[in-house]
Amino acid sequence: PKVPITEEAMNKTGIVVDPNSLNMTVHGNGMNTVPITSGLTDFRQWLKSFSNVILAADNGRKFNVPVFINTHHFLKYTRILLSTCYGFIDSINVLK
């Protein structure tokens, strides 16, 4: 994301990020976090253990997939993503 999580979003989701320390809690419970580059690298390594991977996300077409792809593009990881993921599907459309 390009902007910090809003107060309204924190209230709705229970996810709170302290802007000073970048510590995150979910419903008051502290979370272990990793840098985004490490998390994406580990995720892609895990995806490599499967063949013909298609990622599914609820509301993926409008939000999750664009954010996921834009993050890879920003980090210059697009080519690596495309080598491990065959495509994306929006589960909302599938489950109707």
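**Exercise 1.** In which helix is the place of His72? Determine also whether His72 is buried or exposed.

*Solution.* The model is predicted: local features require pLDDT of at least 70, side-chain atom pairs count only at pLDDT 80 or more, and totals for chains, interfaces and linings use all residues. Residues are numbered from 1 along each chain as its sequence is written, and side-chain values use heavy atoms, with hydrogens and water left out.

Step 1. His72 has its place in helix 3; helices are DSSP runs of H or I with at least four residues, numbered from the N terminus.

Step 2. The relative accessibility of His72 is 1%, so His72 counts as buried (under 20% is buried, over 50% exposed, in between partly exposed, with a 1.4 Å probe and protein chains only).

**Exercise 2.** Describe how helix 2 and helix 3 pack.

*Solution.* Step 1. Helix 2 (residues 36-47) and helix 3 (residues 60-74) pack at about 110 degrees, their axes being 12 Å apart. Axes are lines fitted to C-alpha atoms over the stretch in contact, and angles run from 0 to 180 degrees between N-to-C directions.

Step 2. Helix 2 is therefore roughly perpendicular to helix 3 (65 to 115 degrees; under 35 is roughly parallel, over 145 roughly antiparallel, the rest oblique).

Step 3. Ile36, Leu40, Phe43 and Arg44 of helix 2 meet Phe68, Thr71 and His72 of helix 3, where contact means heavy atoms within 4.5 Å.

**Exercise 3.** Which residues does His72 touch, not counting residues up to four places away in sequence?

*Solution.* These residues are Leu40, Arg44, Tyr77, Thr78 and Leu81.

Technical notes
Helix = DSSP H or I, 4+ residues; strand = E, 2+ residues; numbered from the N terminus.
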